[in-house]
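Subject: Structure for your review

Dear colleague,

Please find below the sequence and structure that I am handing over to you. My findings follow directly after it.

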2 protein chains.
Amino acid sequence: MTLKMRHNRSPKPPEPCMLTECMAVIAGAWAPNVIWSLRAGPRRFSELRTDIPPISAKVLSARLSELEERGVLVRHVRRTSPPSTEYELTPLGRELIPALDAIVQVGHRLKTVRSA
Amino acid sequence: MTLKMRHNRSPKPPEPCMLTECMAVIAGAWAPNVIWSLRAGPRRFSELRTDIPPISAKVLSARLSELEERGVLVRHVRRTSPPSTEYELTPLGRELIPALDAIVQVGHRLKTVRSA
DNA sequence: CCGTATCCGTTCAGATACTG
DNA sequence: CAGTATCTGAACGGATACGG
């Protein structure tokens with residue numbers, strides 16, 4: 001954990017409004033990583049924890065609840081023993097992937113340019 | 001100001017690393033809006049303030065310094081009277097625009113889906 | 001006009017411990 | 001395995017006042 005982020009409250013302009021609309025879903029330390037991990041298909045709670053090593057159970061739980069509430073992912077609980085839960089992107093959630101891809105592309109550029 | 005964002009510290013996975021690399025630049029309440037406002041060309045401090053109404057001078061100043069330090073934009077000071085300062089995206093900063101465009105696209109989808 | 005300095009509230013994230 | 005509870009610290013953002 002080295003890079004910094006910031007809080008957010010929505011501004012109001014016409015286009016920037018749409019910017020903020022999506023940023024609110026994407027933003028934060030872990031939300032984008034969670035969505036990224038679910039890109040290839042459903043994942044369980046503990047799988048997400050190993051996918052995104054330094055995330056704490058509390059924060060992962062909070063992020064998952066938030067993303068579920070926003071309609072980005074759904075929770076499937078299997079009442080087995082031991083219990084198991086799967087998280088999966090909704091069609092709406094999958095629409096975020098192109099944006100994340102674009103962000104990853106720029107991430108590569110930022111890295112290479114900085115080391116140049 | 002209604003939508004929420006979160007803090008950030010970088011994780012470590014291979015791809016998600018690139019995700020976070022760019023998110024650190026893009027994240028926060030105002031950074032994306034500042035970049036968006038500079039998309040069409042150089043802007044002065046007060047112009048940015050009116051472009052992004054509810055931003056305070058302190059925060060705008062902080063964001064501009066940060067983005068300058070990251071090599072996303074440059075400051076041109078004109079020692080006139082009254083003084084004037086222009087901010088302009090660097091080539092590196094302009095590389096962020098496709099990502100912001102993608103984010104705006106999803107923003108539209110999020111809005112329409114939610115009202116459906 | 002272009003900022004900086006200060007104070008202060010809110011929110012998020014980390015660590016630890018504990019439950020079904 | 002899948003979480004929740006609590007406490008703590010840090011970072012961001014808002015408002016106001018002031019300086020070059």
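**Findings**

In chain A, residue A:Pro82 is found in the loop that runs between β2 (73–78) and β3 (84–89). Please note that the model is a predicted one. The peptide bond leading from A:Ser81 into A:Pro82 is cis, and its omega is near 0 degrees. In chain B, the loop between β2 and β3 contains B:Pro82. Here the bond from B:Ser81 to B:Pro82 is cis, with omega near 5 degrees.

These loops lead on to the strands. In chain B, three strands form an open sheet in the order β1-β3-β2, and their pairing is antiparallel. The edges are taken by β1 (43–44) and β2 (73–78) of chain B; each has a single partner strand, so one side of each has no neighbour in the sheet. Two bridges join β1(B) to β3 (residues 84–89) of chain B in the antiparallel sense. Opposite B:Arg44 stands B:Glu86, a residue of β3(B).

I turn next to a helix of chain A. Helix α4 of that chain covers residues 57–69, 13 residues in all. From its first C-alpha to its last, α4(A) reaches 18 Å, close to the 18 Å expected at 1.5 Å a residue. Which residues of α4(A) are buried? They are A:Leu60, A:Arg63, A:Leu64, A:Glu66 and A:Leu67. Viewed down the axis of α4(A), these buried residues fall within an arc of 165 degrees, and they therefore line one face of the helix. An α-helix has 3.6 residues a turn, so residues three or four places apart point the same way. A:Lys58 and A:Glu69, on the other side of α4(A), are exposed. Just after α4(A) comes A:Gly71, which takes a positive phi of about 80 degrees.

The last item concerns a pair of helices from the two chains. Helix α6 (residues 97–115) of chain A packs with helix α6 (residues 97–115) of chain B at an angle of about 165 degrees, and their axes are 8 Å apart. Angles over 145 degrees count as roughly antiparallel, and α6(A) and α6(B) are therefore roughly antiparallel to each other. The crossing in which α6(A) passes α6(B) is left-handed.

Yours sincerely

Note on methods. Residues are numbered from 1 along each chain as its sequence is written. Chains are lettered from A and ligands numbered from 1 in the order in which they are written. This is a predicted model: local features need pLDDT of at least 70, side-chain atom pairs count only at pLDDT 80 or more; totals for chains, interfaces and linings use all residues. Side-chain values use heavy atoms; hydrogens and water are left out. Helices (H or I, at least four residues) and strands (E, at least two) are DSSP runs, numbered from the N terminus. The expected span of a helix is 1.5 Å times one less than its number of residues. Buried means under 20% relative accessible area, exposed over 50%, partly exposed in between (1.4 Å probe, protein chains only). The arc is that of the directions from the helix axis to the C-beta atoms. Two strands pair if DSSP finds at least two bridges between them. Axes are lines fitted to C-alpha atoms, for helices over the stretch in contact, and angles run from 0 to 180 degrees between N-to-C directions. Angles under 35 degrees count as roughly parallel, over 145 as roughly antiparallel, 65 to 115 as roughly perpendicular and the rest as oblique. A crossing is left-handed if the near helix is turned anticlockwise from the far one by less than a right angle, and right-handed if clockwise.
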